[in-house]
Structure formats: structure tokens, C-alpha cells
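Welcome to this short tour of a model with several chains. Please have a look at the sequence and the structure first, and then we can walk through a few parts together.

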Amino acid sequence: MSEATEMAVPSYLAHHFETLEKQQHAARLGMWVFLATEVLLFAALFAAYAVYRYLFHAEFAEASRGLQTWIGLVNTIVLVTSSFTVAMGLDRSARGHGKGTRALFGVSVLLALVFLVFKYVEYSHHFETGELPGRFYRGEIPGPGPRLFFTLYFMITGLHGIHVVIGMTILAVIGLRAGAGRYTPEYNVPVELAGLYWHLVDLIWIFVFPLIYLI
Amino acid sequence: MNPSLASDSGYNPRNYLNLPATGLRSWLTTLDHKRIGVMFLIGTSISFAVGGIFALLIRIELLTPGPTIMTAMTYNRMFTLHGIVMIFLFMIPAIPSGFGNFLLPIMLGAKDVAFPRLNLLSFYLYVAGAVVALYGMIYGGADTGWTFYTPYSTTTVTKVVPILLGAFIIGFSSILTGLNFIVTTHTMRAPGLTWSRLPLFVWSIYATSIIQILATPVLGMTLLLVAFEKAFGWGVFDPARGGDPVLFQHFFWFYSHPAVYIMILPAMAVISEVVCAFAHKNIFGYKAVAYSSLGIAFVGFFTWGHHLFTSGQSAMTGGIFGVLSMLVGIFTAIKVFNWTATLYKGSIAFRTPFAYFVGFLFFLVFGGMTGIALATVSLDIHWQDTYFVVAHFHFIMVGATVMAFLAALHYWLPKITGRMYPEGWGLVAAVMIVLGFNFTFIPQFLLGNSGMPRRYYAYPERFWPLNVASTAGASVLAIGLLVVLIYTLAALKWGPVAGANPWRSRGFEWDTPSPPPPENYDVTPVYTHGPHEYDEPTPELPPAGAVEPKHV
Amino acid sequence: MNELFRRLLFLPEQASEYARDVDALHFTVISITMIGATGVFLAALFFFLKYKRRSDDDVTPRVEPSTLHEAIFVGGPLVLFLALFAVGFPQYMRLSTPPEDSMDVYVQGKQWMWKFAYPGGPSSIDALRVPAGRPVRLLITSRDVIHSFFVPALRVKQDALPGRYTQTWFKADRPGRYEIFCAEYCGLSHSAMLGELVVMPQADFDAWITQQRRGLASAQDAAPVPGERITPASSIVEEGRRAAAEQGCLKCHSVDGTRHIGPTWTDLYLREEKLANGKTVVADEAYLTKSMMDPAADIVAGFQNVMPSYQGKIPSPEVAAIVEYIKSLRTTAVAAGPSEGPVYESVPRK
């Protein structure tokens, strides 16, 4: 991430690269490798979820039914739309319309905020009904299943939420820089990488939604 | 040959140690991979000393069957800290982040790693993690063993959380280094340096990096879940809350078994260079050695279950993990055979790094063979959690990896500092260390056979004689390491100037002056062949008539 | 030969046929691997001496491996390692499948002691008494953290996990006393969590267990050690009855053979039950334990899936006790069932 700022200096080319092309290749590859580690970070949680879902099948199903599916659905639509606007923003940037990029990234950031507002509604509902992780669980479903469910629910959605906040920040910074004309059609790797990160955040949600809300 | 080949043999005055500045500030804010590598080497060496002192205290405690110098509580903390410091603070970062950082870009003919800022961040994450863990150690310590098995780790009263967080932070340091090396290897190679000409050091470090980026996040998440469970009662692994403690073991070993290869692959990287340089011989079977690194990295991900043979997993699962563990042995065997075959018709100079290669080979071959015995599942049932396992992994991780670390230290000291260590003392210390290791750990194999479980504070008297032998060996080992420390520090100031290539090695890193200039090479090198090709005389040497040709 | 190797490798005595078989494999594997390792290392040493450097300017020939070399380097170890595995795996299978006629003993690890409970009543602390020449199946669990039950003389080890049962078995072939260790680090007194395996002639064992049932242990070799070791509980069957009542099991399961919400417990043990999915199952310990943890998995035909899971709600010792209680409800067993009070005995540590 910190490379993005380094590469944004007017001459773009860092001292240790011979060509800009090589440098951009390195930045892209670095981002993809980073995304791989991100996926594995979530993979650990998904694996734990799968194991406990198998062990406490009925209780997990019941706890999952207690979630408000419509919020999950709306959030899915919100995130997919924001991914779409990010992709359009990248397209503008590739054509040299920095201001267009700024506007579209701005829309994405707003959509991310909508996502977080819904998340807040959802979380506050859980706090009211006592659907909390581990020893804090005060819900109605007996047995250890729902406690584990809500531990994993909060871990997964919480970690994803942190990623949304990080992604929003990146989009905002890169969007403003694009609006200030810092990138050219020849050099817009930071825009591309910010978009890539946001797509990953979206993609993880695409897995979270059916896994937690639907099954 | 390389156009930038250094012909002078003096001390390079235009080097990374005094450019761009020499102050502490210029070091702490440096983006130069060489300086970052040196800082990692200093940090990991200090950790090694600290972990070693813990080890000595453990050995002294075990000198008698009952209490010797400490209470059971202190002892339990001591072996926990020994494991954590040695593994997370020394073994995992020492060779990749230390020597790897220094050498990888030089071997690639690059000016730096792809992301110098991430590299510096990686170093500071290492420091931050070490500080957080140190806080936990000073204010309470942990008594869980470095494996943090639940539910013990979530119910003990000791300060487990800061140590877990420390390991978590160091994990990110490891990920960033791995990411940097992968991208650097892919994108920063000098003109003409194709994949099939890469030094074998680079291949092994590349394989290590893959493990680092794929396995470390899982460990990070697992440690975080344990920390949450301990701090907030969000039980995920706690059986009292329906959790499954064996799931923790699966998660933990999914990282920690590949982590063993994070420790041994860089050692193999070093050895592949040292054996060529001191036998003056091209590697026998370049492709086999290079690809077996990737093979180890790949298969290493699927062997974690061999840590759970006695945990009640099904016999079928045990069998599958047993077979896969055997496969890892095959890749290691390929390397051992190829290194040995490299010596054939070589021109062997028995200098200190080569002495450590001999030690490495001994520990890897014998330690590896005990690994094969352990993968024979029914034998493992008896050995699991006994001193046999302790001795086995110390043979591999300490024996082999520390031998490689010391080989690397002696081999590259002239490149890093521009100065030579004293050869006589070097050989004396090497002999002491190799013998000391054997006297420390061979008795432990026998202790394991006779049934002494690990992590025992007190033990029945029949284990006494072997424990005394082990402690005696440890003291020889400690003195040997102390000798190395003393003469290395002395060599920094008084060591004779080494020149660009004191070994007449044809590893790429010797083509640049010692210590290297800040940009690594005065002229960007262009490569027309691979490293370590000794089948033609060196250019600046006398005409071919003076040398007896030995062509086959 | 066996004895020579055993002493050379510092192995403890072999208290069972399995231990002898494991050791035989051990000696083979160690011999092969050490000979192999020595061979490789000697080859390297030979090269060190033969190809010493004569001058700094030596030129060495370029030697590349042929396909044959590669094949040998890969194939040799592959065949050897897989062969070793193929020999070792059946032994592992043997240890995972206890014989059907084995005697059951419940083992419970607890910081920092071992508790052994025998079917039909008696239990003991730190001393596992078994008859010689009879297979013994250990059903192992833990009350707190993970422990590991380890008898070096038997070459047997099995982790004790909280909240679930693991099993292993052995057949000690002659009377004697052997060490029991805890092999999984479990806290402060991990190294003091020692026990003793006492193998007795069958007749002595029968006499001992009868005496235990009669509550005559106080006249025996070991008086109870003072302190928290002795928990004033009734026998394991009694404890099972109490636990079953407390947990509400008896609201749905009758103990007199009448049909209720759930299947009756009378004569349930080892009964062949027809399941709702058409299969049949023998109601052994595993099935009974599983049915408490995951009742929905195997519903007996004609009953509704209404029972909640008791996973994590009943401490493992109570699960064991309930199983023992169910076992005691066999019509034959009810007649001969123990009615005496609890008996605990303990051996002093060395």
C-alpha cells in the first residue's frame, strides 16, 4: 500500500527500477500476492465456520435464520454496485478523465458508507437481543452452537467491515488524487490497484453472504 | 564474464556502510536492502543469544531429577520463551530476512528489492512484535509451550495475550518480506538472468517466500482467535463452550509445519551456494535442486497431520499424513544426493564455511532419517511428545539451520563487512559446535526412546545419566558459539581486508566489490551464464598452461 | 538380538506382544535409516579427502546428471520410504482397532492425576489395575486441558481430550508394574502427573475387583491418601443415575422397559436398533455417547427427532457415568448389579 504513495511522485519512476513498465508490473504482482494472503486470512475463519456448522448443524441453521436476510441482501447489492462504479472509475482514469474517476470513486465511498450503516443497524439489533459471541450470548437458542455461531459471525463480518473501512479510505485518497490530475492514461497503476483491492472486499462479501445468511 | 567483475582486491571505500551517511538516523530510516538485512541480522543474533541463554538455563535445571535452580513455574515459562524466541524471533527471520535481504537483490543484479519501504516496514514490524512479546515475557511470561495448545493456553493465568499478539505482528513482517522477495524475483532480474540461471539460493528463498505468504495468515488468524478467547471469552476452541481443541491443533500445524520449511529451506539455500563455492564445482543437477525446493514448499502444506497421530484422528487420516510426510523426505533426499554428488571431481577447500557444510550434512542426513522413522506411524506413537521428537527437530532446525546460518555468516562476512574472520579460530569453533550439538542431542534421542516425555520439570532417576550428558554437551556448544561471537565482533574492527572475492567463488554476489556500493553494482550486470561455473579458468589468472586441465 | 538392540537404544522393557512387534519394526527402521545415512555421509567424507584442493586455480569439469541418476535419486528413497510406511501402517491400524472381547476401563485425566473407572463400580486414582493376558480397551477423556496417556513399556500413547472420548488398547502379557506418564504438556505439575500400571494375574484381579465391590479396600495395601483426591461420590453407576436424573434424561427415557418419548434404556446396551434411515446399529458405547452429543444423526425408527444435543452441556465424566448406568440396565446386569458404596484406593507415588 505504501508503494502507492511512492509511485505517485511526479517522475513516477522509483530509483531502483529501470523502466516504468517493470515498476508497474512489480506493483501489480505485489498486489495480487497480497490479495492471496488476504484470501488465506479469511480462509481460516471460513474453515472454522465450516467445521462448526458441521458439528452443530441444527443450531447454526437456527441462529442463521434469526439474521435479517434482507439486510444482507441489500448490502450485497450495495457492494456489487460499488464495485461496478469502481470499475467505471478505472475506465475513466484509463482515458485520462481524472475528475470522472473522482466522482465515481466518490459514489463507491458513499455506497460503502451505506453498507456500514446497515451493518450498524444489524449489529445494534444483535446487541439488543443479546446475540453476542461466546460467554456474552443471551439469546434464546440453547446449547453451545449459537455462541460459536455468533463468535464466528462477528469475527468474519467484523474483519470484513475493517476491510471495508480500509478500502473506503484507499478509494477516497486515490479518488482525490485522480481528481487533482496526478495520474495519466500511461500511469494509473494506483487507481487500478485500489480498484483491485475493492473488488476483493466485494468478492469476500459474496462468499460471506450465502454462507452466513442463506444456508 | 560479467563486465562489472571487480578486479581490485582492496576494501571498497564507496560502500553501503558509509553512504549516503553513517549516522544512526541514516540507518533507522534507510531503504537500502543491505542495511535492512544487516539490521535483521543484528536483531536475530541478539534473539539467538537470548534464546540460547534460556536453553542453557533449561539444561541446567534438568541436571538433577528434582528441582535444581528454579521452580516448576519458572521452568515452564523458560521452555516456552526458549521456543518462542528461537522460532519466531530467530529461526524464521534469520536467513530469509537477514541474509536473504542482503543477497537476493545482489544475486539478481538488481539495485534493491521491489518495495524498499515495505522492506523497512517489515523490519519495524519485527521490532514491534519483539517488543510486544518482550513485554509479555517480562510481565508474567507464558507457560503454554510455543504451541499454545488450547484449552490450556486459554485457561492459564500467565500473560499469553501479549505474546500471541507479538507473534501475530511478527507474522506480518514475515508476510511482507515474502511478498517482497516473490515480486523482486519475478520482476527485478538483470538482463540475461533467466529462471534457469538463477542462483539456487534465490530458488530456495523464493520457495520459502511462497510458504510465508500462504501459511502465515492462517497462523495469524488462529493466534488472534486464541487471544480473543483468552481475553474476551469468545470461545472458538474451548470445549466448555462447544469448541474443538483439536481444530486449533489443525490450524496451528497448518502454519507451523510449513514453518519448519520456512526454517530449513533458507538453510538449504545457503548450503547450495557454499558447497559450490568451496568445491569449486558446478551444482550437480541444477534443476533437481531448484525444483525440489518448490516440491518441499508444496508438499509441506499437506503434512501437518503428522503432529496429531495420537490426538484421536482416524487411522485413515493418520495414514494419509504419514505417506505425505514420507514424500517431503524424498525431496530432501534429492538435495542431499545432489550436494554430495557435487563434490565428485571437485576441488575442495576445507575452510570454516565448508566445515559447517559438513556439520549441516551430518545433521540433515541423520536428523532427516529419524524423521522418516517418525513418519512410520506406529513408531511415532511411542515417540510422540517425548525427547525423541525434541532431538529430531533440534537436529533439523538447530543442527541443520544453525549450521547453515553459521556457514552463511562466515562465507558472506567478507562480502558484508569487507573483512575476514580468523580462519584458525573459525575451525576450532566449528569443531566445538558440531561436537557439542551431538553430545547435546544424541542423549536426547535415547531419552525419548526410554520414554521421557518432553516439557518435564522433574523426571524419574533412570533418566538422570543421559540428562547429565546432554547438559554437558550443551555447555561445549555454548562455548563454541561464544567463541564465534567474540572473533566475529573482533573481525569487524581488526579483521584483515578481504577484497572483492576472497574465496574465488563464482557466485554472482562476488562480482561486486566488498562491501558492495549502495547501488550494488557500479555497472548493471548482464548475464550470459549461470552462477558457479568452474569449468574454465578465471580470466585474471595465469594462462591455461599453468593449470592442469581436468576435463572428462 | 532383540535384547541387544533394546539395551543399545535405551528402550524400556516390552510388556506386550504389540510392544515387541513395534520394537522389531523400530530396530529394522533404525538400522536401515542409519545405514543409509552413514552411507551417504561416508560417501561425502570420501569425496572430501579424495578431491582436496591442490591449487586455488583448479579447474573442475562440468558434471551433469543423467536421467538414470535422477531416477535413482528419486526412486531409491521413494521405494524405501514407502516400504517402511507400508510395514508401519498395519501396526497403527492394529492399535486403532481394539479386539471385541476387551475389558473396558474409563480413563480420565485431570490436572494432575489419572482416574480409572471400571464397569460395575470401582474406580481408582493413579493406579490402573488390569489382568494379564486380557485385552483392555481404554476410553480416555479429560476433565480440563489436554493430557496424553503414555505407557512406555507398552509403546502406547493416546491423547486425553476434554469433551470427547478417544480410545486405545493393550494386552499386557505378564504381571508387573509399569510407569504411566502424561505426555502432553498440561501445566504446573505436568511432570508429576504420574501413574502406575499394575498388571495382575487374572485370579488376583478378579479377587481385587470383587473386594473393591464389597468395599473392602481399606483392608488392602493402600489406604486413601488424604486431600482432594477423594471425591465423595457414589459408584460410577450411581453417579450415572444421578446425572441422568439431573440432566432430565429420564423425562423421556424410561428405565423399566416402558415406551416413552425416547427409547427405553433397559437392555439398550448392545441392542440392535433399527434406525429411521433403514440401517441398523448396535448400541455400544460409541453410539450411546454419540447420541448424547448429536442425537439427530441416528434416530431410532419410530421415534421423533426431539432430543437436543448435550455437546458441551454434560461434563465428560458424567457422560461416561451415564453410559455405565445404561450398561448396568441390562436385565442380567440389573440382577447382579453392584449395590455397594464407593471405593477408592490409591497407591503412594514413588
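## Ground rules

A residue counts as buried if 20 or more other C-beta atoms lie within 10 Å of its own, as exposed if 12 or fewer do, and as partly exposed in between, with C-beta atoms placed from the backbone. Helices (H or I, at least four residues) and strands (E, at least two) are DSSP runs, numbered from the N terminus.

Please keep in mind that this is a predicted model, in which local features need pLDDT of at least 70 and side-chain atom pairs count only at pLDDT 80 or more, while totals for chains, interfaces and linings use all residues. Residues are numbered from 1 along each chain as its sequence is written, and chains are lettered from A and ligands numbered from 1 in the order in which they are written.

## The sheet of chain C

In chain C, five strands make up an open sheet with mixed pairing, in the order S4-S10-S9-S6-S7; two strands pair if DSSP finds at least two bridges between them. Strand S4 (127-131) and strand S7 (156-160) of chain C each have a single partner strand, so they stand at the edges and one side of each is left without a neighbour in the sheet. On average, neighbouring strands of this sheet are turned by 20° against each other, direction ignored.

## Strand S10 and its partners

Which way do S4(C) and strand S10 (residues 195-200) of chain C run relative to each other, parallel or antiparallel? They run parallel, joined by five bridges. On the other pairing, strand S9 (residues 176-182) of chain C meets S10(C) in the antiparallel sense, over five bridges. C:Val198 of S10(C) is the bridge partner of C:Arg129, and C:Arg177 also stands opposite C:Val198. C:Leu128, in turn, stands opposite C:Leu197 in S10(C).

In a regular strand the side chains alternate between the two faces of the sheet. Helix H4 (residues 202-214) of chain C lies across S4 and S10 of chain C and runs at about 125° to S4(C). Axes here are lines fitted to C-alpha atoms, for helices over the stretch in contact, and angles run from 0 to 180 degrees between N-to-C directions.

Chain A has seven helices and zero strands. Its C-alpha atoms fill a box of roughly 65 × 30 × 25 Å, taken along the principal axes, and buried residues make up 44% of its 215 residues.

The contact between the two chains takes 33 residues from chain B and 30 residues from chain A; residues are in contact if their C-beta atoms, placed from the backbone, lie within 7 Å. On the side of chain B that touches chain A, H7(B) gives the most, with eight residues.

## A buried leucine in chain B

B:Leu89 is found in helix H3 (residues 72-108) of chain B. Why does B:Leu89 count as buried? Because it has 25 C-beta neighbours inside 10 Å. Leaving aside neighbours within four places in sequence, B:Leu89 is in contact with B:Thr44, B:Ser47 and B:Ala130.
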